[in-house]
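I opened this entry to keep track of what I looked up.

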Amino acid sequence: MKVRTLAKAIQGRSRPSSIQFYIYRVSAQLHSIPKRPSFGIAFDIDGVILRGRTPIGDSPKALKRLYDDSGCLKIPYLFLTNGGGIPESRRASELSQLLGVNIDPIQVVQGHSPFKNLLKRFENELIVATGKGEPAVVMSEYGFKKAISLEEYASHFNNIDPLSPYKTLTTKQSIPRFDVKSERVKAAFVVSDPVEWSRDIQVLCDILRSGGLPGEKSDHQPHMYFAADDLEYQAVFPSERLGMGAFRIALESIFNSIHHKPLEYTSFGKPNPFVFKNAESILKQLQQKSQNFETLYMIGDNPLVDVKGATQAGHPWFSILTRTGVFKGKDNHTDYPANQVVDSVQEAVEYILQREGYL
Ligand SMILES: [Mg+2]
């Protein structure tokens, strides 16, 4: 019952005993109205919520606890993943389907999401994007007007990849959408895990040491951005797989061996503190109040990425390490100990709800 309705009910009563009774009811009602939570949760996806496309344990049930009976979000949460390759809107509907809850695109923060902030700088410049999925589509959806995939870009330069005749997957040459033979590439973006390492390393080295026009010579290095820097991540295979950080090491090491100036680059993704600041402001929007959070929980499986990031970000971040992915230790991690170690994401959510007095 609304407070005004209760007040009217009180006015309509004359006997003091009834008034007292209604005052008691009003106060009981006010106390039972759930306060907006002063905490929020950031979930890593790979190795915590999903392995490949399969939910880990009862992760869908754990997420359902953050909604009320009518399916409305009760506790602000988002996904904070270093993965990506498709636009946030598509990832949100994919996750909604796999996990059986209604996830809004604003709740999906991928490794490449911060690339949006570079729009002003490169909106009308020629940029290349690489990685699994649809890297150029991701960049175009962010508003970059001249984004081209590295695959398509390479297809316009004859013999740029001398190994292509030996590869089973070849890209058909299309009509160039931009003047790639005379316009310099201003920036290269690794949006998601690269698929074709040898071609990507070759062509990126060409772009980076030619001032953005393969075949030419220039000292100016175009900008180089990586969506994340995970050395390894947990996928379906029992042991960890090489991530974007491994690709970065390979590219950097080769580039520095063939060029007189070391590679200059910027990596986003966890554990970059910027990512946690950004997550905090999105959680505030979801919470719909301007008051600061008392606690923000980061639930992840990778001590070097999730725990390190939350620890470096400092207050109000609180790290929870699960044993469902990269970390499988019995005790806490030695170098990057989490505030709490649990077996699974269900246990993590249970712990949070209990700690916050929601049980
Ligand atoms: Mg993970």
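I am working with a predicted model, where local features need pLDDT of at least 70, side-chain atom pairs count only at pLDDT 80 or more, and totals for chains, interfaces and linings use all residues. Residues are numbered from 1 along each chain as its sequence is written.

Entry on β1. I looked up strand β1, residues 39-43, and found it mostly covered, with five of its five residues buried (20 or more other C-beta atoms within 10 Å of a residue's own, C-beta atoms being placed from the backbone). Strands here are DSSP runs of E of at least two residues, helices are runs of H or I of at least four, and both are numbered from the N terminus. F39, I41 and F43 point one way from β1, while G40 and A42 point the other way.

Entry on its partners. Two strands pair if DSSP finds at least two bridges between them. I find β1 parallel to strand β13 (residues 295-300), with five bridges, and F43 has I299 as its bridge partner there. β1 also runs parallel to strand β4 (residues 77-80), with three bridges; I41 is opposite Y77.

Entry on the open sheet. I read its five strands in the order β7-β6-β8-β9-β12, with parallel pairing. The edge strands, β7 (146-149) and β12 (266-267), each pair on one side only. Between β8 (residues 187-190) and β9 (residues 223-226) I note four bridges, and A187 stands opposite H223.

Notes. Buried ≥ 20, exposed ≤ 12 C-beta atoms within 10 Å, placed from the backbone.
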